[in-house]
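I opened this notebook to record how two chains meet, and what holds together inside one of them. Each entry says what I looked up and what I found.

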2 protein chains.
Amino acid sequence: MTVGIVATIKIQAGKNAEFEAVAKEMMAAVRANEPGNKVYQFCKSKSDPTTYVVMELYADQAAMESHGKSDHFRSIGPKMGPFMAGRPDVAYYDAV
Amino acid sequence: MTVGIVATIKIQAGKNAEFEAVAKEMMAAVRANEPGNKVYQFCKSKSDPTTYVVMELYADQAAMESHGKSDHFRSIGPKMGPFMAGRPDVAYYDAV
């Protein structure tokens with residue numbers, strides 16, 4: 001069953017370019033390495049430029065868990081830390 | 001430029017089956033009629049069965065606006081109302 005995540009990420013004001021460069025690197029790595037991933041899209045809020053979400057859909061729970069354990073997630077994810085303002089809020093879903 | 005929406009919908013307790021039936025009808029109509037839509041997925045929260053999100057991605061702003069004006073959105077959308085608990089929270093995004 002398809003499962004999803006909406007991760008909400010607050011960044012530090014003015015760090016958009018730096019943050020988005022890492023976000024693009026992560027999206028490229030997910031698309032290249034995770035056949036069980038169906039959607040993985042960073043998006044910037046139109047009303048608050050320090051707020052981003054990541055829309056994520058995976059073919060099944062195993063594919064979602066593989067994402068979190070992947071080498072690219074573990075190597076690229078921490079590169080976002082210096083531009084973030086606090087921990088991401090991660091919400092888990094089952095697709096209808 | 002790709003744009004997105006995350007709509008958060010609270011439903012009345014116990015109305016999941018009725019709500020999801022309409023959600024499936026809406027997803028099918030969007031997929032059949034909106035070439036500018038790239039993702040349109042209702043998802044149920046794993047932690048709160050009365051909370052849903054809709055992940056939406058559109059090829060451009062015009063495609064997003066067409067969705068809201070479409071016959072299927074206007075005819076199917078109101079069928080969700082009797083199962084909802086308040087107005088949806090709709091957040092707008094630009095894809096990175």
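**Ground rules.** I noted that this is a predicted model, in which local features need pLDDT of at least 70, side-chain atom pairs count only at pLDDT 80 or more, and totals for chains, interfaces and linings use all residues. I also noted that residues are numbered from 1 along each chain as its sequence is written, that chains are lettered from A and ligands numbered from 1 in the order in which they are written, and that side-chain values use heavy atoms, with hydrogens and water left out.

**Size of the interface.** Of the area that chain B buries against chain A, 36% comes from K46(B), Y93(B) and V96(B), more than from any other three residues.

I then searched for salt bridges (a side-chain nitrogen of Lys or Arg within 4 Å of a carboxyl oxygen of Asp or Glu) and counted 2 between chain B and chain A. K46(A) forms a salt bridge with D94(B), with the closest N and O atoms 2.7 Å apart.

**Elements at the interface.** Helices (H or I, at least four residues) and strands (E, at least two) are DSSP runs, numbered from the N terminus.

**Strands across the chains.** Two strands pair if DSSP finds at least two bridges between them, and I found 3 bridges joining β4 (residues 89–95) of chain A to β2(B), which run antiparallel. In β2(B), D94(A) has K44(B) as its bridge partner, and A95(A) has C43(B).

**Symmetry.** I superposed the copies by least squares on the C-alpha atoms of residues with pLDDT of at least 70 in both, and a rotation of 180° with 0.0 Å of shift along its axis puts chain B on chain A (RMSD 0.0 Å). The two copies are therefore related as by a two-fold rotation axis. In chain B, the C-alpha of M55(B) is nearest the axis, 3.4 Å from it. Because 100% of the interface residues of chain B are also interface residues in chain A, the copies meet through the same surface.

**Within chain A.** K10(A) forms a salt bridge with D48(A), the closest N and O atoms lying 3.0 Å apart. This pair links distant parts of the chain, 38 residues apart, since K10(A) is in strand β1 (residues 3–10) and D48(A) is in the loop between β2 (37–45) and β3 (51–58). I also found 6 bridges joining β1(A) to β4(A), which run antiparallel, with A7(A) opposite V90(A).

Terms used: Buried area = accessible area lost by both parts, 1.4 Å probe. Contact = heavy atoms within 4.5 Å.
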